[in-house]
Amino acid sequence: MASSMRGLSVFISDIRNCQNKELERLRVDKELGHIRTRFKHEKGLTPYEKKKYVWKMLYIYMLGYDVDFGHMEAVSLISAPKYPEKQVGYIVTSCLLNENHDFLRMVVNTVRNDIVGRNETFQCLALTMVGNIGGREFAESLAPDVQKLLISSSCRPLVRKKAALCLLRLFRKNPDVVNVDGWSDRMAQLLDERDLGVLTSSMSLLVALVSNNGDAYWNCVSKCVKILERLARNIDIPQEYTYYGIPSPWLQVKTMRALQYFPTIEDPNTRRSLFEVLQRILMGTDVVKNVNKNNASHAVLFEALALVMHLDAEKEMMSQCVALLGKFISVREPNIRYLGLENMTRMLMVTDVQDIIKRHQAQIITSLKDPDISIRRRSLDLLYGMCDITNAKDIVEELLQYLSTAEFAMREELALKAAILAEKFAPDLSWYVDVILQLIDKAGDFVSDDIWYRVVQFVTNNEDLQPYAAAKARVYLDKPALHETMVKVGAYLLGEYGHLLVRRPGCSPKELFAVINEKLPTVSPPTVAILLSSYAKMLLHTQPAEPELQEQIWAIFKKYESYVDCEIQQRAVEYFALSQKGAALMDVLAEMPKFPERQSALLRKAEDIEADTAEQSAIKLRSQQQTSNALVVTDQIPVNGSPPVGQLKLVKIPSQNMETSSFEQRRTETYGAVNKVDPESSPSVDLLGDLLEPLAIEGPPSVLTATEKGQGLEANPNSPGALVLASFSDQPNTVQPTINIAERFSALCLKDSGVLYEDPNIQIGIKAEWKTFHGRLVLFLGNKNVSPLISVQALILPPRHLKMELSLVPDTIPPRAQVQCPLDVVNIQASRDVPVLDFGYKFGTSMVNVKLRLPTTLNKFLQPMTVTAEEFFPYWKSIPGPPLKLQEVVRGVKPLSLPEMANLFGSLHLGISQGLDLNPNNLVASTTFYSDNSRALLCLVRVETDPSDRTQLRLTVASGDPILTLELKELLKEHMISIPSITPTAPQGPMPTPLQLDPPGALSIADDPGALLAALL
Amino acid sequence: MGIRFVLMVNKQGQTRLAQYYEYLTLEERRALEGEIVRKCLARTEQQCSFVEHRNYKIIYRRYASLFFLVGVDNDENELAILEFIHLLVETMDKHFGNVCELDIMFHLEKAHFILEEMVMNGCIIETSKNNILTPIQLMEKAS
């Protein structure tokens, strides 16, 4: 059939022959034009042609081009009478459309007819599409039919397995519509099924049902154990379901996963049978030569380990698990090593085994130096989790050592983790000071202000520490090429406590002044301000006064009296005046008082979560053991910074943020220092021959492959040509961004200025102002090099709902210069699409081209407002339901406390109306949306959270425009599900006024590492 | 909820098949595919088959010039997915006979049919090669 679609093959060949992206685009445009014309004159189209064009569209879509105009054609094929067309219609529709697409409504009836009809193949097609993209309307009209099919005895397995997963989707998306009362018995019956295909999909359905209402499905536990026994003992398993001799490893894994959704297994017989099976898996899994068999059996083994941990087995079995994991983390095979580390981290929550895990510390530290970043990340997480007061010194020192060689992507996380561990588990305070100073020295760019504020706070509060810290700072200030943060902390400490060192060599006031003043010409204004305060303090402490020093310092004050920065100017003027007054100076510049002790934000967060969940025993126990003498404020935090809920029920937390986000508090001035060519390079040029080689069927990234290369599988025996594993050495190095573009974009969605893109040659910053439906963005293009960037090109590709105009971008950016390009935006309609900046330049001989999403998101055209109950409720009630009011249960939400959620909403320009909703677990927010096309539209949002499960919530959005409602709802969902780090944008260390020198640490609560940690996790 | 997407990408970074089980806009897909390709294709064979990216874990395997990349959430058994990739390749091999990149390119629809019989809404639905291929063979006979 496919071979007969000649036009399609010709088109694909043409695309393949395109030399570059531009030619490809031309060819695609030509084809799209052709298809569009053909569709317009539809009368002449045969079903075959229609089918062909729809496949072409899917192909073009896969290449990354918009094919919106053809959605209708794909959808209409669903109603075709013949199988080939219908099939294409169903498959392509589920690839192109999302569940909220209006066109889907038109086919609800056709789909229903296919599902209840007699044609098995039609049933399968319809069930699959609904299972992939079925939304609310489908749930409403189809759920009972699908349920009937699933339990019907006259239906063949091939239909029932699809019905199971179709029901799973309908239920997951709309649990309020799909009625599953009484389904526990049906579910148990389903698990008696012999057909492994039906069982595989039923098991997924069980997971969904149990995770929604665990108590109702107890009767399924023994059935799951029976299935597991059947598989583990290989009883009545058809050959086609064994994989390299292992009875369906996927069903085994899924079944054990399902069992982890039950808190425990009470029935002693079932428990015994299960443990027998688990014991057999733990003991009986050997390393074998065949990679596939080995992987499959280890997949089962790792799942068994997870289940054993979950069931809190006897100590003996637990030790057996740790021993296995200990073996795994030292094998050569990288996959097993990775999984060993990952599972060991999960095992940390079992209190009994922590000491055994500690025995593997040396091995884990070795993995921190592994050439593979995936493994290093796992190792870092594990070390962080296992750190306590007994091993903190070793672990933190390892982290510090690693910091010097770690890649940039990891440094920020490393620095923060090291700082937190040092703070929490410091055996003595001087060690803590050492660690933080080393941290600033080695990775100053990655140490946020909060970390050095904290060190100052400790030193201020602990008199014994003051001379030590001052002496340390003195030593560091002698080093060449100091990071500016070190200058700040050094100057502060020496200003405050330098006089305590007076008898030591090199520490006379004059000498201290000289070493600090050396830095003055090169530092930025905020640091200058700190330096001036230091000088004032030095004057005070130098008694009797030294005229020479006084002269020097006064000269500096004088010089800065006319400085352009008014903060610095004010300091200079006031310090100068004060220092003339003698006695008055004593009072004003006296030593800083101790900081009040206060609870850290993190601790409060941890407590919030504890209050929410009853079953915290392991965490609580653990956190109580971990007291630290270092810290007055944060000594009870669970080591493993992730929210404790996640620790106990790892399997149920849908998406832990795996790529730790960066905190956005770094100041702009530090950006310039981060340049590095990313070692990852783009793939090599096309070698046509590769296309023709059969796909080698042996898994490549495995050490075993080396010895296994000769082994084929039954389908592809000993074909030597099949096994071509090309090397990567031939790839050219090109310019790569030095920051994570996606992260920057997410951050900029929530704020209005920052860095959008950076590579070794250029930095693109952005600053935006918004007013109703107008926006003005300024792009700052900064050349970081000493040679000019030429052939600079910037092109805006706006989405349909925005009008945009970019002012002229110069062709050349001179060395070290910054060019500003304003960009005006007018919003026409609500949409989540964003414009793309197509940016290119030439540096030396290489052309660099990037496509950057601009953060012109829907929320920028919102203006937060708070409404009263009198305004809110009538409007809320006046909007009855879809499409103006949409409601959705959102799962897999980042567990956020309500204040954090409110914070997020604030960043998205939604105003929270406190107290409107009587339920304290709910949030109500309102905002106004502006567009050129319509009047200002009021939008109301309500979030109902579930205190016992922060990963799900119900979101309702209402407005006077269906598109706006939908887009806003989706936007909120995006931000709630994958939240870019929202570190509270604390005011930039409020510059202390001279008369009441604000202690650097006495900032808002948001400035402590605890809050940072919270954001990081 | 399991598998979020399945990608087949050649070593030049060109996408040969993309199937998503959650809706992403075209722009998001392009960005995501670009990031993933950059991260995964540069890895060596001594490195493990798992890469953490955004909220996904990418499990990938290379066969000659073609990379199979499966994005999952944090709640999947990595090795089971790794072998599922192999099962997919074996199944395509059985159908096409020594499957190669060109087969997938020029028979995109068949590759989609096979995948659709194996994964639905991000869940594994069938692992028996015979059962997977039966509908496709029926259809070929019919036409």
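1. Let's start in a loop. N234(A) is found between helix 12 (221-232) and strand 1 (242-243) of chain A. Keep in mind that this is a predicted model. Phi of N234(A) is near 55°, which is a positive value for a residue that isn't glycine. For context, most residues other than glycine have a negative phi, and most peptide bonds are trans.

2. The peptide bond running from P882(A) to P883(A) is cis, with omega near 0°. P883(A) sits in the loop between helix 39 (869-878) and strand 12 (885-891) of chain A.

3. Now for some helix pairs. Two packed helices are described by the angle between their axes and the distance between the axes. Take helix 23 (residues 429-443) and helix 24 (residues 449-461) of chain A: their axes come within 11 Å and cross at roughly 155°. An angle over 145 degrees counts as roughly antiparallel, so helix 23 of chain A is roughly antiparallel to helix 24 of chain A. The crossing of this pair is left-handed. On the helix 23 side of chain A, the contact is made by Y432(A), V433(A), I436(A) and I440(A), and helix 24 of chain A brings I451(A), W452(A), R454(A), V455(A), F458(A) and V459(A). By class, that contact has nine nonpolar residues, no polar ones and one charged.

4. Next along is helix 25 (residues 465-477) of chain A, which packs on helix 26 (residues 484-497) of chain A at about 135°, with the axes 9 Å apart. That angle makes helix 25 of chain A oblique to helix 26 of chain A. Here too you'll find a left-handed crossing. Helix 25 of chain A puts in residues including Q466(A), R474(A) and L477(A), while helix 26 of chain A has M486(A), G490(A) and Y497(A) among its contact residues. The class count for this contact is 10 nonpolar, two polar and one charged.

5. Then there's helix 29 (residues 547-560) of chain A with helix 30 (residues 566-580) of chain A: the axes come within 8 Å and cross at roughly 140°. That makes helix 29 of chain A oblique to helix 30 of chain A. Their crossing is left-handed. Sorted by class, the contact of helix 29 with helix 30 of chain A has seven nonpolar, three polar and one charged residues.

6. On to charge pairs. Side chains of opposite charge can pair when their charged atoms come close. The structure holds 67 salt bridges over all chains. One of them links R337(A) to D370(A), with the closest N and O atoms 2.5 Å apart. R337(A) lies in helix 17 (residues 334-347) of chain A and D370(A) in the loop between helix 19 (361-367) and helix 20 (373-386) of chain A, so this pair ties together parts that are 33 residues apart in sequence.

7. Last, the interface. How many residues of chain A are in contact with chain B? There are 115, and they meet 91 residues of chain B. The area buried between the two chains is about 9400 Å², with carbon and sulfur atoms giving 56% of it. Six salt bridges are found across the interface of chain A and chain B. K162(A) forms a salt bridge with E117(B), where the closest N and O atoms are 3.1 Å apart.

Notes. Residues numbered from 1 in each chain as written. Chains lettered and ligands numbered in written order. Predicted model: local features only at pLDDT ≥ 70, side-chain atom pairs only at ≥ 80, totals over all residues. Heavy atoms only, no water. Axes fitted to C-alpha atoms, helices over the stretch in contact; angles between N-to-C directions. Helix = DSSP H or I, 4+ residues; strand = E, 2+ residues; numbered from the N terminus. Parallel < 35°, antiparallel > 145°, perpendicular 65-115°, else oblique. Left-handed = near helix turned anticlockwise from the far one by under 90°. Nonpolar A, V, L, I, M, F, W, Y, C, P; charged D, E, K, R; others polar. Contact = heavy atoms within 4.5 Å. Buried area = accessible area lost by both parts, 1.4 Å probe. Salt bridge = Lys/Arg side-chain N within 4 Å of Asp/Glu carboxyl O.
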